[in-house]
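I opened this entry to record what I looked up, one item at a time. The notes follow the order in which I worked.

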Amino acid sequence: MILYFRLLKESFAFAMNALRNNKLRTMLSLLGVTIGIFSIIAVLTAVDSLDKKIKSDISGLDNRSIFLFKYCFGPSEVPDWKVEQFPDVTFDEYNFLKSNLDGVEAITYQLFTNNENIKYQDKTASSVSVKPCTFEYADVEKLDFKEGRFFNEQESNSGRNVIIIGSEIAESLFENENPIDKEIRLYGQRFVVIGVLKKVGDRMVSFGPNPDTTIYLPVNKIRGMFGDNNPQFTPLILIKPTKDVELEDIKAELIQKLRVKRGLKSGEIDNFFVNLLKGATDQIDAIISEMNIIGWVIAGFSFLVGGFGIANIMFVSVKERTSLIGIQKSLGAKNKFILFQFLFEAIVLCVIGGIIGLIIVWLLSVILTSALDFEFVLSFSNIMLGTLLSIGVGIISGILPAISASNLDPVEAIRSGM
């Protein structure tokens, strides 16, 4: 073991000597490895950071959530004109599914509607997202409160004039004032603020408006004011299944029971869509995987160039040190010792190039994180991956020169070096 440590030390010294004596040649050879490591680790860091951001953005909703309404999230075989003729889901259907659908942890009824302006005294918050919903919404989507609470079942059923506001709305209307129990005006009526949400920040992916600029109020208040057939509102039923139920099972049961509720006959198509959030997140994962593959392809070409560069410098190094190799062998150095000496030297050179690439990625991630509202994180796993790739390139590109050096005849080697 001590022998191998000495061998590693000597190989590192030879590599450093090569760097000092042939700076331009060595740096040009290392450039391929540096660019290769930079390319793959930069892409992986960007993709990992993007993946982390997207998962954080959609973490409020369970990946198993089901969206039931008249529209489809993605492409559909049903023509658009026919979809427009589908009936909206109703509050009565929400109550029916709530009572008859098995395997459900929570189910909520909500309305999509236009943005509105809300007022507090002489201040106005413009283009605020309005989300009328039932009290179960807080159980389906994760809402973090800075102050206060969500409205309860009694307030939801009775349609009380209570409201929950996002952080940006609170800052805009109340500044340093406590919003709780204050009254704001919406739809010509006064609503009491009972909750303020924590700041979420910008989202890259969102299934709905950003909570920072959203207000939540009981859906029965809106139903009482505007009725159930107002074209300004599009209803949706959002379902959170229990952990133990299979999504396809609950989807099949949901379709069957809603078809019976709507009196659809055998052979008639469903006049509603059951949209799975998992399908959307799977598409996002597929895109991220494709981006990773593209990164590997780009890095592959760089590694190819870098590997040839390292192999070239190692062959040159063998030629320059032919006499020294002969002397080492004449003094009893075994072929294995010579092989490992040059192989370790190739690995050291590649690791140096890889470290330079990792440092560039780290510096770039720090700069971009400071300049943009987005966190780039160079993970430990990517650092280890970059190091292992550097070692791998060193082994592959250094093995042939090392074998050629170890097979030199000591007499011929000393003679050719004289």
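**Helix pairs**

I began with two helices, and found that the axes of helix α11 (residues 322-330) and α12 come within 10 Å and cross at roughly 145 degrees. The model I am reading is a predicted one. I then checked the hand of this crossing: α11 passes α12 in a right-handed crossing.

Which residues make the contact between α11 and α12? From α11 I listed I325, Q328 and K329. From α12 I listed N335, F337, I338, Q341 and F342. Sorted by class, the contact of α11 with α12 has four nonpolar, three polar and one charged residues.

Next I followed α12 to another partner. Helix α12 (residues 335-371) packs against helix α13 (residues 380-406) at an angle of about 145 degrees, and I noted their axes as 7 Å apart. I wrote down the crossing of α12 and α13 as right-handed. How many residues of each class are in the contact of α12 with α13? I noted 17 nonpolar and nine polar residues, and no charged ones.

**Two backbone angles**

I turned to phi and looked up S127. Phi of S127 is near 50 degrees, which is a positive value in a residue other than glycine. I placed S127 in strand β4, which covers residues 123-133.

D181 is not a glycine, yet I found a positive phi of about 75 degrees for it. Where is D181? I located D181 in the loop between α7 (167-174) and β7 (183-186). Is D181 buried or exposed? At 59% relative accessibility, D181 counts as exposed, because exposed means over 50%.

**The chain as a whole**

I noted 14 helices and 11 strands in the protein chain. The protein chain has 418 residues, and 46% of them count as buried.

For the surface, I wrote that the protein chain exposes about 21,500 Å². Carbon and sulfur atoms supply 59% of that area.

My last entry was on contacts between residues at least 6 apart in sequence: in the protein chain, 77% of these join residues at least 24 apart.

Note on methods
Residues are numbered from 1 along each chain as its sequence is written. This is a predicted model: local features need pLDDT of at least 70, side-chain atom pairs count only at pLDDT 80 or more; totals for chains, interfaces and linings use all residues. Side-chain values use heavy atoms; hydrogens and water are left out. Helices (H or I, at least four residues) and strands (E, at least two) are DSSP runs, numbered from the N terminus. Buried means under 20% relative accessible area, exposed over 50%, partly exposed in between (1.4 Å probe, protein chains only). Contact means heavy atoms within 4.5 Å. Accessible areas come from the Shrake-Rupley method with a 1.4 Å probe; for residues, only the protein chains shown count as cover. Axes are lines fitted to C-alpha atoms, for helices over the stretch in contact, and angles run from 0 to 180 degrees between N-to-C directions. A crossing is left-handed if the near helix is turned anticlockwise from the far one by less than a right angle, and right-handed if clockwise. Ala, Val, Leu, Ile, Met, Phe, Trp, Tyr, Cys and Pro count as nonpolar, Asp, Glu, Lys and Arg as charged, and the others, Gly among them, as polar.
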